[in-house]
Amino acid sequence: MKQIFLLTSLFMLFAACDSSQESKDAADQNELAKDSMDIKIQDPHSFSKPNEAVVRHLSWKAKVDFEKKIIIATADYTIENLSGTSEIIFDTKELSIDSVQVDGKTISLYALASEPDPILGTYLSIPIQENTKQVAISYKTSPSAEALQFLDPEQTTGKKSPFLFTQSQAIMARSWIPSQDSPGIRFTYDAEVSVPADMMAVMSAENPTERNATGVYNFKMDQAVPSYLVALAVGDLVYKEIGEETGVYAEPEVIEDAVFEFADMQDMVDTAEALYGPYRWGKYDVIVLPPSFPFGGMENPRLTFATPTIIAGDRSLTALIAHELAHSWSGNLVTNVNWEDIWLNEGFTVYFENRIMEEIYGKDYANMLAILSHKDLVEEVEDFMNTGRAADTRLKVDLKGRNPDDGLSSVPYDKGFYFLKLIEETVGREKWDAFLKQYFNEFAFQVMNTKTFLNYLDENLLADSSNWMSTIGVEEWVYGEGIPDNIPVPTSTKFEEVDNQLVLWRRGKKTTELNVKSWSTPQWLYFIRSLDDELNLSQMEQLDTAFDFTHSGNREIQAAWFTKVIPNNYIIADIEAENFLVLVGRRKFLTPIYKAYLKSEFGRERALEIYEKARPNYHSVSRETIDEVLNFES
Ligand code: BES
Ligand code: ZN
């Protein structure tokens, strides 16, 4: 609704009306259909009209200004006018446009929407001719650009240099590069980025491994990627190789720990290739970002962006690397056409991640991860059912008029995962693996939507047996609400061991006498999450005395513990929880801990007191969410 209203209230500096437009539409669809089977590129979260005029290549020239916390840049696009239209449309958000050139000539007649849409930003229309090949936009980002987080030196580990990182997914690329900001539109890019001389810049592209004295870095990404996978990080960075095609970037203070933690990375790449075909992106590196990074990881091609909170010292949280690596197939090769189909990216990736983990660490380990993922799913689905959001428990969601971020939950991840696991178990692993491999190959560098996937699944796999479709209940899984009864949750003897110890503890066995020998991190997480919601002070103290969860070096364990004990007013955890919340900006941890405060006697007051301190350290993604959790007015 909002979007339609905005479009009609556009204030145009030139007339872009074209009455023959509609008749051309069909032909354009054909043009793109060649690229992407018969999937129409349609996206409720982009103003662009890629079926009319589309970007093919971006040459980006930028200077990062750490003083002003902005980027000053020119985005020089090679475009294709597919329909003979008289305009090309870009998404922008909070950008200040300095000049626009079309085929090398500066023009003054471009149009910006008069009023930005709070979610989608501002539409930028540039007049073009039928044979226009190039448009260039010179602009500056805003200090409040959503995608960008500029960090002061104190917010880094080294505390010497500032830092900048971007987060483009889902629709934030437009806040640092004018773009046709839809996952359905791919382009190649190159870039020249100037940064202060003592810093290093890296992108989701071919990267330097050494700093250079000039502070000017050149990048090339020859494989077409959607805008949400364009990424940049700048900081006091060093590089260390792990395997032949794998390595890590991090601050010097962090690099050794990172190299130790991610020792299995090359093995993960090899394993992934053995499962579903060649890794198509050349190198696979990870950059460890400062702790304010709002996600666990982000699958930027060739260079996964990762939170430092997965560095636990014992390599126990590296499933996240398997996850981001898996996106090199599911998501980065075969891409959801828009964010309503995000389960095609995330569900497939959780599935693939689990298979990598199984290969490397064994079935027991992978099963534990699957059970924890089931717990997440059950909790979230129950919450949605109780808060009038039942429709968001569908795999395919309706996000029109909403921020795609609102559709993010464990549903696309874990319900998606279990749907695919069910198919695997129904048809048998051999057939399923062959199918998946073929799927990644056939649709490489193309878009996918739910309907096309289901048709493809039907024709290439399920058609082999007349019962499979109904045994699985494909329609119910994809379009239905809640969790279907035939969800194939595994059992785990490892978790049974934990259950047994919990029973003994509840019956009065001393915490120090429980048999927790050689428990793994998933077992500890399962233990903490399985504790009763109501715990008394003495119980919490006993647990802490024995296991010191409050000061655990494992952020997952700490977060699970705080979430459990804060509602029970456990004062000893309060100060550590504050330290955690001020340092770490990973949203997945923040949300449950702040919510835990709201349930406790510490109350909203205390949560707000902490938040006032912590908020300046958070990326916009986390701020948006926690503002809402705490009803915070900035
Ligand atoms: N692509 C996602 C992160 C994302 C999703 C950012 C949607 C913005 C919008 C990434 O691959 C991811 O899923 N990260 C998870 C990791 C996990 C499931 C192992 C995270 O950050 O927690
Ligand atoms: Zn993911």
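**Briefing: a helix pair and a zinc site**

Helix H7 crosses helix H8 with left-handed geometry (the near helix is turned anticlockwise from the far one by less than a right angle). The model is predicted, so local features need pLDDT of at least 70, side-chain atom pairs count only at pLDDT 80 or more, and totals for chains, interfaces and linings use all residues. Residues are numbered from 1 along each chain as its sequence is written, ligands are numbered from 1 in written order, and side-chain values use heavy atoms, without hydrogens and water.

**Helix pair**
- H7 spans residues 363-386 and H8 residues 410-427; their axes lie 9 Å apart at an angle of about 130 degrees.
- The contact (heavy atoms within 4.5 Å) includes Leu377 and Phe384 of H7 and Phe417 and Tyr418 of H8.
- By class, this H7-H8 contact has eight nonpolar, three polar and four charged residues.

**Zinc site**
- The protein donors of the zinc ion (ligand 2) are His323 (NE2), His327 (NE2) and Glu346 (OE), 1.9 to 2.1 Å away.
- Donors are N, O and S atoms within 2.8 Å of the metal (3.2 Å for Na, K and Ca).
- The donor spacing in sequence is H-x3-H-x18-E.
- His327 sits in the loop between H5 and S20, and Glu346 in helix H6, 19 residues apart.
- His327 and Glu346 are both buried (under 20% relative accessible area).

**Asp548**
- Asp548 lies in the loop between helix H15 and helix H16.
- Asp548 has 36% relative accessibility, so it counts as partly exposed (between buried and exposed, the latter over 50%).

Note on methods. Helix = DSSP H or I, 4+ residues; strand = E, 2+ residues; numbered from the N terminus. Buried < 20%, exposed > 50% of the residue type's maximum accessible area, 1.4 Å probe, protein only. Axes fitted to C-alpha atoms, helices over the stretch in contact; angles between N-to-C directions. Nonpolar A, V, L, I, M, F, W, Y, C, P; charged D, E, K, R; others polar.
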